[in-house]
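Subject: Structure for your review

Dear colleague,

Please find below the structure that I am handing over to you. I would be grateful if you could look through it alongside the notes that follow.

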Amino acid sequence: MSGSYDDSVGVEVSSDSFWEVGNYKRTVKRIDDGHRLCNDLMNCIHERARIEKVYAQQLTEWAKRWKQLVEKGPQYGTVERAWCAFMSEAEKVSELHLEVKGSLMNEDFEKIKNWQKEAFHKQMMGGFKETKEAEDGFRKAQKPWAKKLKEVEAAKKAYHAACKEEKLAISRETNSKADPALNPEQLKKLQDKVERSKQDVLKTKEKYEKSLKELDNATPQYMENMEQVFEQCQQFEEKRLRFFREVLLEVQKHLDLSNVASYKNIYRELEQNIKTADAVEDLRWFRANQGPGMSMNWPQFEEWSADLNRTLSRREKKKASDGVTLTGINQTGDQVSQLNKHSSFSVQSNTVQSVQSSYNPFEDEEDTGSTVSEKEDNKIKNVSSYEKNQSYPTDWSDEESNNPFSSTDANGDTNPFDEDTPPAMEVRVRALYDYEGQEQDELSFKAGDELTKMENEDEQGWCKGRLDNGQVGLYPANYVEPIQ
């Protein structure tokens with residue numbers, strides 16, 4: 001037997017090597033992936049810029065809302081200024097985040113877009129010019145070697161088939177020798193078949209070895225040509241990788257506010273404003289302007305005057321109180337508000353005197369009935385429970401109902417920051433963005449969720465709405481749009 005044969009030799013082992021025919025397509029596909037990765041990076045930066053914008057808007061809304069609440073609230077003095085410094089910090093940080101958003105979109109996003117346009121050139125028939133050039137280069141470099149490889153595969157197949165036929169002929173000849181019923185002529189035919197099979201094996205083996213040698217001789221040139229095209233693809237990919245690294249570093253610089261001088265100054269200024277809060281100074285101011293330190297127009301003996309001190313009857317007082325605005329009450333409100341201005345703790349003595357002299361709690365009930373009624377009406381209509389300009393009734397009583405510290409507001413039964421809003425027709429709206437409620441009275445929803453707007457937008461940009469599960473709360477007005 002001139003050649004050995006093994007059935008396992010015919011099993012083709014799959015290879016994932018770059019040098020296999022057609023496996024260069026992964027390198028070609030990388031060019032298309034580079035274009036897609038540019039789109040992905042632009043989308044990534046665009047989403048981050050949108051987050052920066054939303055965060056800046058939320059900071060501004062938060063600062064506006066709480067600045068109004070603190071200014072209207074009972075806090076005063078240096079601690080109030082320290083508290084308001086947080087809102088100033090939020091407004092300044094909001095501006096910086098808007099600058100970050102602008103840098104991401106106007107610089108980084110546009111830079112990637114322009115580079116992508118310059119690096120990848122679309123063809124009229126689809127695809128990119130760079131991809132086609134790489135595909136053609138690899139195909140041209142691989143075609144001669146692939147042709148010889150095909151010849152080797154055909155020669156190998158023929159050789160293995162001859163070996164298999166030789167093995168089968170020898171087996172038949174051996175079996176026939178043990179069969180006495182077989183005549184000599186049939187045995188001679190089997191022997192001739194074996195001889196022809198051996199000659200076929202020699203011929204196919206020689207052809208197989210020759211084609212394999214030719215393939216080996218063509219392999220160095222094949223590898224050189226493939227390497228050349230591959231290096232061109234590597235250079236193109238290297239440009240993309242280096243560009244991505246450059247862009248990511250620029251994005252990092254835009255996002256890193258810790259190296260921005262103005263950002264550091266914001267928190268340095270915030271710390272200074274907080275440290276300037278002085279409890280002793282605030283207590284001294286409150287004592288001088290709201291406590292025992294206030295001047296008092298103590299009662300003094302006054303001569304009787306017919307024109308200035310004409311006594312009104314109860315009926316005349318009642319008629320006068322129905323439609324007359326008491327100037328003393330208005331002056332009290334204006335003058336008390338002047339005491340609460342942030343710019344100064346000084347209070348004019350004549351203002352305090354007018355506040356004290358506008359109403360005397362020790363006058364007779366007849367003389368003060370209209371004044372107390374007018375004060376109560378004015379307080380209900382114009383003063384919330386936490387406004388600094390609130391004026392308390394000055395008539396003293398043992399009853400707890402007249403005690404300003406026994407109200408439900410003092411016990412925390414009501415929300416001091418609730419504001420009356422005019423009723424509005426219910427409207428169905430759809431969420432534009434995700435929102436996670438920051439307070440217990442705020443709603444949480446996802447983009448695309450539908451809810452019902454119950455009240456119109458207030459001064460702070462908030463609306464009252466109801467989710468489909470029945471939950472009622474507040475949400476930012478600019479986060480939804482009406483459903484057409």
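The notes below go from the overall fold to the aromatic rings and the charges placed over them.

Please bear in mind that this is a predicted model. The protein chain has 484 residues, 29% of which are buried. Its secondary structure consists of 10 helices and 5 strands. Among contacts with a separation of 6 or more, 72% are between residues 24 or more positions apart.

Aromatic pairs number 20 in the structure. One of them is the stacked pair of Trp 145 and Tyr 222, whose ring centres are 4.4 Å apart, with 10° between the planes. Because Trp 145 belongs to helix H3 (residues 129-177) and Tyr 222 to helix H4 (residues 184-255), this pair ties together parts that are 77 residues apart in sequence. Both Trp 145 and Tyr 222 are buried. The two residues also belong to a cluster linked by ring pairs, together with Phe 18, Trp 19, Tyr 24, Phe 138 and Phe 230.

Two arginine residues are placed over aromatic rings. The charged end of Arg 65 is found over the ring of Trp 462, at 5.3 Å from the ring centre. Arg 240, in turn, lies over the face of Phe 244, with a distance of 4.8 Å to the centre of that ring.

With kind regards

Methods
Residues numbered from 1 in each chain as written. Predicted model: local features only at pLDDT ≥ 70, side-chain atom pairs only at ≥ 80, totals over all residues. Heavy atoms only, no water. Helix = DSSP H or I, 4+ residues; strand = E, 2+ residues; numbered from the N terminus. Buried < 20%, exposed > 50% of the residue type's maximum accessible area, 1.4 Å probe, protein only. Contact = heavy atoms within 4.5 Å. Phe/Tyr/Trp six-rings, centres within 6.5 Å; stacked < 30°, edge-to-face > 60°. Lys NZ or Arg CZ within 6 Å of the ring centre and 35° of its normal.
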